[in-house]
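The report below walks through one protein structure for a reader who is new to the subject. Please keep the sequence and the structure in view while reading.

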Amino acid sequence: MKSFEGVVTLHGDETTVSWQPDGGGFVMTVGGRSIVAQGRQVSTGTYIVTVPGQEPVRVVVSRDGQQRYVTAGGVTWELSLRRGIGKARPRNAVGDRAMASPMPGVVIGLDVAVGDQVKKGAVLMRIEAMKMEHAIVAPRDGVVSALHFRLGDPVAAGAHLVELSDEEAAIEAKGPSQPDKI
Amino acid sequence: MKTPIRPIRKLLVANRGEIAVRVILACRELGIATVAVHSDKDQSSLFVAMADEAVCIGAAPPRESYLRVDRILDAARATGADAIHPGYGFLSENEGFGRAVEQAGVIFVGPKPDTIAQMGSKTAARMTMAAANVPTIPGYQGDDRRPETLREHARKLGYPVLVKADLGGGGKGMRIVHADADMPAAVAAASREAAKAFGDGAVYLEKYIENPRHIEVQVLGDTHGNCVHVFERECSLQRRHQKVIEESPSPSLSAELRQRICAAGVQAARAVNYQGAGTVEFIVGPQGDFYFLEMNTRLQVEHPITELVCGVDLVVAQIKVAQGQPLPWTQEEIFQRGHAIECRIYAEDPENGFLPSVGRLLRYDVPFGPGIRHDGGFQTGDEVSVVYDPMLGKLIVLGETREVATQKMIAALDRLVVHGVRTNIAFLRHLLTLDAFRSADFHTRWLDESFDGWCATQHLPDFVLAALLLDDAYHHRDQVTLAAGSPNVNKAWQGPWVSLGDWRGTSGGGE
């Protein structure tokens, strides 16, 4: 039986998935779980998908290169699908979401301290989960204003890890509370 | 004074996007030919394709095209248009444009330029309305601006009070004062801020309405002295002063208050001898006290909810009034039936601070069905750019009750699929499911205060992943079939996996 592998990226979080045909449907394996899925195409890009324990869902998919838009129930996920498991290209930092933990895991490296000046792209922290290491990189130049976890701390998916402030913003933030004292 | 009937044969739409489409549709019903004017960026837009004639009037930035009065008038002359509809935004509330159009011997579909001027200045408009006994926000703007005097007047108004700069804007030089003791410091701070920002430290007072609602009354006047209201719209769901969801009737008005506020709308319109379609905006306090805010002398973005709930066509009515015809209906013939809701579909990212999102539309599927209307200006393949308004379109539904309309809107949003840019569709859907919406317990600042960090797509559900892989399989099956040159019909219903072959080898994974 032929099986396939690929990497799905959502909000910068990469998930490795493998899948193989199984009868009329397919089995996908993700994060150590195997899920039997069924589906049929009802028109171009529109599918009725069934996964265990759920009613069938109508899903619309568009593609643009590796980019995917997947809509179901009014919600659209913007993802990418890269077939094969090669080296990922360095991902672009996108705002502060880049400084949230992409997955539940453990802090295995602190590369900066509060007060450090960092350049865009600098590694701030490293998280490990499922034997995969993820680097949390600075989405922009700035000053580390807070580290919310210590070495060895467990972190939840989506947990905000690092605060980065640019100096101008820090000064501006102090502004409004003071003018009455001038 | 009666004006003779001046039939319009060809109408130029001095606007773009969904409102240009809306006006063109009305003209088609009336047998009026249409002219679109557009920037070079809008060359292949829906509204340009729909118009009978199209004239390019310049480059993408509005000041080089949609705001060029001279070029728009040239286009009118060149095409022989005898009327111009300004839509909303751009030149719609520019008295100079109205005058230039009239001087060119072309009909301006809108109020008299004098009326636009009269309502254009907020302070002057409020004075006009106060003189006409339309309630306005109490305040103090007298000559004596000494701090002690301001404090005295603040006590008379009753706290909370808003301290505002005479030349203010954008919240600069503005302070909300809740207690008498804070008054001197607030006045000093606001004045300092105003002096720094506008070169003038003068500040005045206004009663501050806490948790206000935004209710507006649709009015329509003709050249025969008739003036009616077409009831109200509730527009309290705003984000940074941009309306997000509107509905009609307002769930927060009693029948008695509705009558009074609509009557005040007509009173306001009559005070300026209003001709055409206009909107009188009120803010309504928690006790049902209401105050004139401003008058919009044009068609509103949210006009469709009024059209659905009252069964009228406001754009057709505008054009008839502009031709010198009397209003199509009397006040007694207008009533509200059912409940209408409008959701504005914006190209913005609610999960990322509502930043505007741009790109090419890979897909734009519009829902249809009983009681569902979509006013839009985009279609699949169009580019959404930063140059123009981020609104892609408007989804409007009509149901027997507010609850029915809400359910209908949720179901309609589920079928509105926009791919290629990020949109607020999931956010709108989320709002409609909240208790605060269901019980209509909200105010104009609710959205600004409550939705920081909202995210709908944090996790990757199994069905999303399954759809992703299924789509990939179908895509490659099609490619393999095409490559083999022998499309096999039977394989289609067997699912994508049967005919896959070694697609990894064929396409190498590099897209």
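## A buried pair across two chains

Both Asp471(B) and Arg63(A) are buried, where buried stands for under 20% relative accessible area, exposed for over 50% and partly exposed for what lies in between, with a 1.4 Å probe and protein chains only. The side chains of Asp471(B) and Arg63(A) meet in a salt bridge at 3.1 Å, N to O, a salt bridge being a side-chain nitrogen of Lys or Arg within 4 Å of a carboxyl oxygen of Asp or Glu. Asp471(B) belongs to helix H16 of chain B and Arg63(A) to strand E6 (residues 57–64) of chain A, so this pair joins two chains. Helices (H or I, at least four residues) and strands (E, at least two) are DSSP runs, numbered from the N terminus.

The model is a predicted one, in which local features need pLDDT of at least 70 and side-chain atom pairs count only at pLDDT 80 or more, while totals for chains, interfaces and linings use all residues. Residues are numbered from 1 along each chain as its sequence is written, chains are lettered from A and ligands numbered from 1 in the order in which they are written, and side-chain values use heavy atoms, with hydrogens and water left out.

## The interface of chain B and chain A

How many residues of each chain are in contact with the other? On the side of chain B there are 50 residues, in contact with 54 residues of chain A, and contact here means heavy atoms within 4.5 Å. The two chains bury about 4,800 Å² between them, 62% of it on carbon and sulfur atoms; buried area is the accessible area (1.4 Å probe) that two parts lose on being put together, summed over both.

Between chain B and chain A the count is six salt bridges, and one of the pairs that meet in a salt bridge is Asp472(B) with Arg63(A), at 3.4 Å, N to O. The rule also finds 18 residue pairs in polar contact across this interface, both residues at pLDDT 80 or more. A polar contact is a pair of N or O atoms within 3.5 Å; within protein, one must be able to donate a hydrogen and the other to accept it, and residues adjacent in sequence count only if both atoms are side-chain atoms. Several elements of chain B each supply at least two residues of the side that touches chain A, among them helix H8 (183–198), helix H12 (402–415) and helix H16 (462–484). The most comes from H16(B), with 15 residues.

## Nonpolar cores

The largest nonpolar core has 72 residues, and those with the most contacts inside it are Leu11(B), Ile261(B) and Phe282(B). Such a core is a set of buried Ala, Val, Leu, Ile, Met, Phe, Trp, Tyr and Cys residues joined through side-chain atoms within 4.5 Å. Leaving aside neighbours within four places in sequence, Phe282(B) is in contact with residues including Val134(B), Ile261(B), Phe290(B) and Leu293(B). Apart from this core lies another, of 70 residues, among them Met28(A), Ile35(A), Phe378(B) and Ile410(B). In soluble globular proteins, nonpolar side chains tend to be buried together.

## Salt bridges within chain B

Over all chains, a search of the whole structure finds 44 salt bridges. In one of them the side chains of Arg298(B) and Glu93(B) meet at 2.9 Å, N to O, and the pair ties together parts that are 205 residues apart in sequence. Arg298(B) counts as buried at 17% relative accessibility, whereas Glu93(B) is partly exposed, with a relative accessible area of 35%.

The side chains of Glu206(B) and Arg126(B) also meet in a salt bridge, at 3.2 Å, N to O. Glu206(B) is in strand E9 (residues 203–207) and Arg126(B) in helix H6 (residues 122–131) of chain B, 80 residues apart.

## Details of the backbone

Most residues other than glycine have a negative phi, and most peptide bonds are trans. A cis peptide bond joins Tyr159(B) and Pro160(B), with omega about 0 degrees, and Pro160(B) lies in the loop between helix H7 (147–157) and strand E7 (161–165) of chain B. Another cis peptide bond joins Ser248(B) and Pro249(B).

His11(A) has a positive phi, near 50 degrees, and is found in the loop between strand E1 (4–10) and strand E2 (13–22) of chain A. Phe90(B), which is not a glycine, has a positive phi of about 40 degrees and is partly exposed, with a relative accessible area of 29%.
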